[in-house]
Amino acid sequence: MPRLAPVMTCLLGLLLLAATPARAQNMPPWGTGESRGEDLIIYLVTFGPGDDVASWWGHGSLVVEDQRLRQSRLYNYGMFSFDERMLARYAMGRLEFWVDDTSASGTFRFYRSQNRDVRLQELALTPAQRVELGRLLAENVLPENRNYVYHHYNDNCVTRLRDGIDKVLGGQLHQSMDVPGRMTLRDHTRRYTDVGPPMSLLLDFLMNDEIDKPVTRWQEAFLPDELERRVAEMQVVGDDGQKRPLVAKTLNLYTAQGRPALPEQPPKYGPVLLLLGVAFGGGAVGLALWGRRSGGRAPRILLGLQNVLVGLVFGIPGFALFIMWLFTDHTVTYRNENLFLANPLTVLALPLGFQLMFGSEKARERMRLLWRVLAGLGVLGLVLKVLPPFDQDNWRLIALILPISLGMAGALTLARVRVPVADRTAEPLAPSLKASGS
């Protein structure tokens, strides 16, 4: 029996190990209490923008490293699954993200392969604060804690880092950033999406005045670059009551090659959009006048084609915006003033435009009524802006879409549809011709 004791002890240990959850086995030493604060280093990592829309904003993470035990983990709050369920949840405004931990060096190599900046800021936290933040991150990765409902401005992969740092600092970060921000959330959105003007214009169209309110620097820190900037400026009060910089050291691991610099201010393309709107609306009037003079098919076909294009470019987003307001949790789309400019009615220009191209007189009459209604709504939306509740920053969209609506309304009032030759031959002879023939 004494000889069996070591064997039984070993078997018991194996059974206990098998019963231990996988995540607990992989718990880092700062999650189990093994790490000492003086051995820990915590980095705020900022990754630069990438090529696709989701990565235009950049990204951020936290790295915890135990120098004594030679272990490190990178904590990434930007994890999501790209599948049909994810698309459905995102469409409804209920997209779930989660936090995961991974190899820091492997992650850095990945972002370098994507030609994206990789910058590190070593946080000058006290040993106790490092232990607390490490424990918080390790606990957040646990299956019961890791998921959260993503919100682009209020709860994302960077705001979670900001909140964690602020928690271990006892609210000092929030207090220092509770001052007016540099610009509105819309302005930040427009400057980050300047690399793709069509997508930038679509996002500008879909979002309401929720992102036009004055914000603080704390709210601006939903962006990785803004959090990096504020952390670099931060002075914290230590245990001795003295102020010191929050950042002890900055490391630039990789600088992207050939990427355009992020603009400090949003682009000023309002005049360009006005010119486009006037040109498109004026072109419709020109086609209508051409058709009145010539009676040919070309002006009618081109005018119908213009309506098809408007139905596609503005009608479908207008219909989507209306649906998002009524049936989803995308609060940033609710009560959007751009519905005065483009809405589900605008989609009707698509089928009616095709009918007009084939010479339908009924289509012309319906389109005339449609564009009068849409032009009237656009003018109403413009007039209502004198009232305080209608404060949405949508002047660029007004400059583009309202001239098109006014031009289309004028064009359809002037337009004539020439009856095709085949139809004219089927018409009965005029009474006077019958008389002369007999």
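1. Basis. The model is predicted, so that local features need pLDDT of at least 70 and side-chain atom pairs count only at pLDDT 80 or more, while totals for chains, interfaces and linings use all residues. Residues are numbered from 1 along each chain as its sequence is written, and side-chain values use heavy atoms, with hydrogens and water left out.

2. Chain as a whole. The secondary structure consists of 19 helices and 9 strands (DSSP runs numbered from the N terminus; helices are H or I with at least four residues, strands are E with at least two). The chain has 438 residues, and 46% of them count as buried (buried is under 20% relative accessible area, exposed is over 50%, partly exposed is in between, with a 1.4 Å probe and protein chains only). Among contacts with a separation of 6 or more, 76% join residues 24 or more positions apart (contact means heavy atoms within 4.5 Å).

3. Helices H13 and H14. Helix H13 covers residues 270-294, and helix H14 covers residues 297-327. The two pack at an angle of about 155 degrees, with their axes 8 Å apart (axes are lines fitted to C-alpha atoms, for helices over the stretch in contact; angles run from 0 to 180 degrees between N-to-C directions). H13 and H14 are therefore roughly antiparallel (over 145 degrees; under 35 is roughly parallel, 65 to 115 roughly perpendicular, and the rest oblique). Their crossing is left-handed (the near helix is turned anticlockwise from the far one by less than a right angle; clockwise would be right-handed). On the H13 side the contact is made by Phe280, Gly283, Ala284, Leu287, Trp290, Gly291 and Ser294, and on the H14 side by Ala298, Pro299, Leu302, Leu303, Gln306, Leu309 and Val310. By class, this contact of H13 with H14 has 10 nonpolar residues, 4 polar and no charged (nonpolar: Ala, Val, Leu, Ile, Met, Phe, Trp, Tyr, Cys and Pro; charged: Asp, Glu, Lys and Arg; polar: the others, Gly among them).

4. Helices H14 and H15. H14 also packs against helix H15 (residues 349-357), at an angle of about 165 degrees and with the axes 7 Å apart. That makes H14 roughly antiparallel to H15. The crossing of H14 and H15 is left-handed. From H14, the residues involved are Arg300, Ile301, Leu303, Gly304, Leu305, Asn307, Val308, Gly311 and Leu312; they meet Ala349, Leu350, Gly353, Phe354, Leu356 and Met357 of H15. The contact of H14 with H15 has 10 nonpolar, 4 polar and 1 charged residues.

5. Helix H10 and arginine 190. In helix H10 (residues 197-206), the buried residues are Ser200, Leu201, Asp204, Phe205 and Leu206. Their cover includes helix H9 (185-192), H13, H14 and helix H17 (395-414). Arginine 190 lies in H9 and counts as buried, because its relative accessibility is 5%. Leaving out residues up to four places away in sequence, arginine 190 touches Ser200, Asp204, Pro266, Pro267, Tyr269 and Arg396.

6. Helix H12 and arginine 162. Helix H12 (residues 224-233) is mostly covered, with 7 of its 10 residues buried: Pro224, Asp225, Glu226, Leu227, Glu228, Arg230 and Val231. Arginine 162, in helix H7 (residues 159-168), is buried at a relative accessible area of 6%. Beyond four places in sequence, arginine 162 touches Leu173, Trp218, Gln219, Ala221 and Leu227.

7. Tryptophan 57. This residue sits in the loop between strand E1 (40-47) and strand E2 (59-66). Tryptophan 57 counts as buried because its relative accessibility is 12%. Not counting residues up to four places away in sequence, tryptophan 57 touches His152, Thr189, Tyr192, Thr193, Leu223 and Pro224. Tryptophan 57 and threonine 189 are 132 residues apart in sequence, and their C-alpha atoms are 8.6 Å apart.

8. Glutamine 235. Glutamine 235 lies in strand E7 (residues 235-237) and is partly exposed, at 40% relative accessibility. Outside four places in sequence, glutamine 235 touches Lys243, Arg244 and Pro245. Valine 247 is 12 residues from glutamine 235 in sequence and 8.6 Å away, C-alpha to C-alpha.
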